[in-house]
Amino acid sequence: MKKIKTNLKDCYIIQPDVFGDNRGYFSPYFKQEDYTNDEELNFERVVQTNRSKSAKGVLRGLHFQKNPKCQAKIVEVIQGAAIAAVADIRYESPTFGQYTYVLLKPYDKDDPESGKQLLVPKGYANSFIALEDDTIFQYLVDNDYAPELEAGIIWNDPDIGIPWDKIFTEYGITEPQLSEKDQKHLTLRKSPKYFIYKGDK
């Protein structure tokens, strides 16, 4: 497994090991010991695995789960393609209010940019936009799903500044498809202080 730093504190791109030949491939896409033995990777265990299926242009986010059931996530695309965009919403974090995004698509031996995962730490808001029909987005999470603790930040918060318009243009998306709920979230500035950064371990 290879880990790649992003511009955000505690957030990493993960490139799982892949072993293959002309018949196909085998990949241990999650190994707990890789995370247990690495102090920089804050992911303790897999409690639940979730999948969503989306048409091209569907935008989900920015989502998170509040304490005491806050979740860290490892996200990837196993069919289709998506841009995953996340924001650090931990007050006092050195990267508070900043974002990163990454193209996620299934592994292809001829595409060195394929097969990536994104480690989304606790205290982050997570989103993605599907770039193809029937995109399947998978989440490995380290805490139980608690619908009563679901929350979000408005997807196009100008203070966070995710360049959605640039992404839409690049991938031929005229207008994103959003749930009614995702159109009503508050900006980060107007939201409660859900998470406080605790500093380095």
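**View 1. Welcome to the largest pocket, which is lined by 27 residues.** Asp10, Asn42, Arg90, Tyr197 and Gly199 lie nearest its centre. This is a predicted model, in which local features need pLDDT of at least 70 and side-chain atom pairs count only at pLDDT 80 or more, while totals for chains, interfaces and linings use all residues. Residues are numbered from 1 along each chain as its sequence is written, and side-chain values use heavy atoms, with hydrogens and water left out. A pocket is an open set of points on a 1 Å grid over the protein atoms alone, where a 1.4 Å probe fits, with protein on both sides within 12 Å along at least five of seven lines; lining residues have an atom within 4 Å of a point. The largest pocket holds about 640 Å³ of space, the volume being what is filled by probe spheres set on the points, which are joined across faces, edges and corners. Its lining has 10 nonpolar, 6 polar and 11 charged residues. Here Asp, Glu, Lys and Arg count as charged, Ala, Val, Leu, Ile, Met, Phe, Trp, Tyr, Cys and Pro as nonpolar, and the others, Gly among them, as polar.

**View 2. Here is the second largest pocket, of about 550 Å³.** Among the 26 residues lining this pocket, His63, Lys73, Tyr139, Tyr145 and Glu150 are the closest to its centre. Strand β6 (59-65) gives the most to this lining, with 5 residues. Strands (E, at least two residues) and helices (H or I, at least four) are DSSP runs, numbered from the N terminus.

**View 3. Now look into the largest nonpolar core, with its 24 residues.** Such a core is a set of buried Ala, Val, Leu, Ile, Met, Phe, Trp, Tyr and Cys residues joined through side-chain atoms within 4.5 Å; buried means under 20% relative accessible area, exposed over 50% and partly exposed in between (1.4 Å probe, protein chains only). Ile160 is one of the members that touch the most others. Beyond its neighbours within four places in sequence, Ile160 is in contact (heavy atoms within 4.5 Å) with Leu62, Ala87, Gly97, Tyr99, Ile153 and Leu188.

**View 4. Two cis peptide bonds can be found here, at Gly61 to Leu62 and at Asn67 to Pro68.** Omega is near 0 degrees between Gly61 and Leu62, and Leu62 lies in β6. For Asn67 and Pro68, omega is about 10 degrees; Pro68 sits in the loop between β6 and β7 (73-79).
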